Each structure stands twice: as structure tokens, then as C-alpha cells.
Amino acid sequence: MPLVDHLLEARQRIVYAFIGLIIASVIGWFLYPMVFDYMAQPLTDLRTEGKEAQLNFETVSAAFDLKLRISFFIGLLISSPWWLYQIWAYLAPALRRNEKIYALAFTLSGVLLFSLGAASGVWIMPHAVHILTSFAPDTSVMLMKSGTYFSFYMRLVILFGVSFLIPLVMVALNFLNVLRASTMLKAWRWAVVLSFIFAAIANPLPDPWTMTVQALLLCSLYFLAIGVSAIHDRRYDRKQARIEAELDAALARNRNSGDIDPA
């Protein structure tokens, strides 16, 4: 496929993904009250513990702006099957016809991994709020900027969700014969180091245990991606060897038939 056609295909897929995201965000607009209460629940729990924690809307339009952002956040989550499929559909033309069945597996795996990562961020957030606010004196009143609090919440969830998709991207590149399992395995030390660095930066909790569990989970996904890629490489190598053997046999037959004198 020419470069221009690749760019046109990429633009089309981005437009499709954006349209799905907008439709999902409209749904998120109606789900906003329920999601807002859930995201603000850690602050409500602080008040039940006797601590004064209040959300502060700094400007007149702050509440409206927050509703737009949370609606878009909800839309990004619930439309994840759609935009993940668009990514794979853009890559699918590079695959053979019998390999396009992997589009469904890629989409389902992507939704599962993204949901798992997002769920880990949602799980971490209440613990982070409880631990980090415990340093405030009991007599203090915590006025939290609504935009800052919810932006931190959404950023944490999306960051963890996207990080869990990295092994799936590695497998996709392997199935496109761009990246081999042996190359991934050689870089395992860097992968482990980067997993711990990411967990240390992205994890808001000060304790090392949550960071360690998060990093080990990312490392496990990395080595799982290597295992899946190794199976694909083995099948691909056997297929290529069989094709080369058939070509060599065909060439040998042609040479032998050329040596026979028609007379």
C-alpha cells in the first residue's frame, strides 16, 4: 500500500475512533452524577472519619468544565473496545487473510488489559487519598481544588490503563514480523528497570509494597508477551522453512528437467 493510502487509512481510523468517543462521551454526560459521587467517595469517607475535606470550585464555570472533562473521561473508558478495534483495523491490512482473525482476539485482549489497568488505578486512588491526607493535622480543613483532584484521579486511571496495553502492542508488532521474541528477551533487564521506574513515578502511595506489586504485574505481562511472541516466531519459522524447502525442490526439478535431452 502506498504511503498516501496509509495516511488516508490512518486519518479514517482516527475519525472513526473520535466519532465513537464523542458518542460515548454523550452517554458519559448522563452518567456524570453517579461517576462524580463514586470518584468523590474517598473525600466522603474522610468526612465520616471526622476530617474536614471539601471540594472547592474556583470559578463560576469550573463545575461545567469539570462535567465536560469527566464526561470525556467516561467516554474514553466505555468506548475502549471501539478505538482499540480501530487501531488493530489499521494494522490488519499488513496481515494475511487467515491472520485477520486475530483482530477479534486483539480487541478483546486490549479491552481486558486496559480495564485491568484502569481498575488498578481506581483501586489505588482511595488508598492514596487516605494515606496522603493522614499527614494533615486533625484540626485542619482540607479545601481541595476540584479540577486538581479529579484531574489527578483521571490521569492515574488512564495512565495505568494505557501502561497495561504495552505488552499487547509488543505482540502486535511481533505478529507483523517487526519485532521478534528474541529481541524482547534480550531487553528484559531494561524492561524490568523501566517497570519499576514507571510504578515509582505513577504510584501516588508512599509505601514500597504497592509499587512493587504494580511493577511485578507489568513485568509478568511483559514476559507473557514474550511467550506468546515466541510461539508465533516458532510457527512462522517452521512455515518459512517449509516454503523454502518447497522452492528448493521446485528449482531442483526444473534443473533436472532442463538436463533431459528432448531428442
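Me: Is R69 buried or partly exposed, and why?

Reply: Buried means under 20% relative accessible area, exposed over 50%, and partly exposed in between (1.4 Å probe, protein chains only). R69 counts as partly exposed because its relative accessibility is 30%. This is a predicted model, in which local features need pLDDT of at least 70 and side-chain atom pairs count only at pLDDT 80 or more, while totals for chains, interfaces and linings use all residues. Residues are numbered from 1 along each chain as its sequence is written, and side-chain values use heavy atoms, with hydrogens and water left out.

Me: With which residue does R69 form a salt bridge?

Reply: A salt bridge is a side-chain nitrogen of Lys or Arg within 4 Å of a carboxyl oxygen of Asp or Glu. For R69 the partner is D65, with 3.3 Å between the closest N and O atoms. D65 is partly exposed, at a relative accessible area of 37%.

Me: Why are R69 and D65 separated by about one helical turn?

Reply: Helices are DSSP runs (H or I, at least four residues), and they are numbered from the N terminus, as are strands (E, at least two). R69 and D65 are about one helical turn apart because they are 4 residues apart in helix α3 (residues 62-78).

Me: How many salt bridges does the structure hold?

Reply: There are 3. One of them joins the side chains of R13 and E9 at 2.9 Å, N to O. Both R13 and E9 lie in helix α1 (residues 3-39), 4 residues apart, or about one turn of the helix. E9 is buried, because its relative accessible area is 16%.

Me: Which residue forms a salt bridge with R180, and where do the two lie?

Reply: R180 pairs with D237, the closest N and O atoms being 2.9 Å apart. This pair links distant parts of the chain, 57 residues apart: R180 is in the loop between α7 (166-175) and α8 (181-186), and D237 is in helix α10. R180 is partly exposed at 35% relative accessibility, and D237 is partly exposed at 34% relative accessible area.

Me: What does S195 touch?

Reply: Contact means heavy atoms within 4.5 Å. Not counting residues up to four places away in sequence, S195 touches A215, L218 and C219. S195 sits in helix α9 (residues 188-202) and counts as buried because its relative accessibility is 10%.
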